Amino acid sequence: MLAKTDFDLLSLLEQLIIPDWGDLIGLLPLALVFGLIGPVLSLLALAWVHHRLTRRRGKVRIMDLEPVPASTDASGEILVGPNVPFCPRHALIYPPQATECHLDHEELMVRCPVDETLRIARQQVCRACGTKYVLGASQSPVTVRRTGRPPQGGAAVA
Ligand SMILES: [Zn+2]
Ligand SMILES: [Zn+2]
């Protein structure tokens, strides 16, 4: 009964308790499966997590210049936030650097964040309120650190 069934749990336990080289070698493939696949899988998982974490901040992400379809409301008007270039004809939302539609090379429109007037994306000043802004400028984050203010109590040291 317990003769040569390698995958039988009972014989497997027996072999663990009383090591026998012949049987241990027979167990090697099984040990390889559990001893190798397990760490490899967890390593893969770790590498994946690491990749996910470093991709965000480490590398410079290449801006995908592909437009995305805009959602429209019941009356068919394109729902788009301010400072987002979009093509009103094709209902496509473009990345901030884009100025013209890739389908017909028509000027993209953008909504003013102040008074919601539509203007041409290439145009940097709102004709209605005069607000000037450069699209895509916020893409390059600038860290502003406040220096010059001495730490509390530190100013007294002379
Ligand atoms: Zn278009
Ligand atoms: Zn405006």
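Donors here are N, O and S atoms within 2.8 Å of the metal (3.2 Å for Na, K and Ca), and water is not among the atoms, so sites may look incomplete. This is a predicted model, in which local features need pLDDT of at least 70 and side-chain atom pairs count only at pLDDT 80 or more, while totals for chains, interfaces and linings use all residues. Residues are numbered from 1 along each chain as its sequence is written, chains are lettered from A and ligands numbered from 1 in the order in which they are written, and side-chain values use heavy atoms, with hydrogens and water left out.

**View 1. Welcome to the site of the zinc ion (ligand 2), coordinated by C112 (SG), D115 (OD), D115 (OD), C126 (SG) and C129 (SG).** These contacts lie at 2.2 to 2.7 Å. Along the sequence, the donor residues are spaced C-x2-D-x10-C-x2-C. D115 sits in the loop between strand 6 and strand 7 (118-120), and C126, eleven residues apart from it, in the segment after strand 7. Strands (E, at least two residues) and helices (H or I, at least four) are DSSP runs, numbered from the N terminus. C126 counts as buried because its relative accessibility is 2%; D115, at 30%, counts as partly exposed. Buried means under 20% relative accessible area, exposed over 50%, partly exposed in between (1.4 Å probe, protein chains only).

**View 2. Next comes the zinc ion (ligand 1), with protein donors C87 (SG), H90 (ND1) and C101 (SG).** They lie 1.8 to 2.2 Å from the ion, in the spacing C-x2-H-x10-C. C87 belongs to strand 4 (residues 86-87), whereas C101 is in the loop between strand 5 (92-93) and strand 6 (109-111). Both C87 and C101 are buried.

**View 3. Finally, look at L41 in helix 2 (residues 21-57).** L41 counts as exposed because its relative accessibility is 52%.
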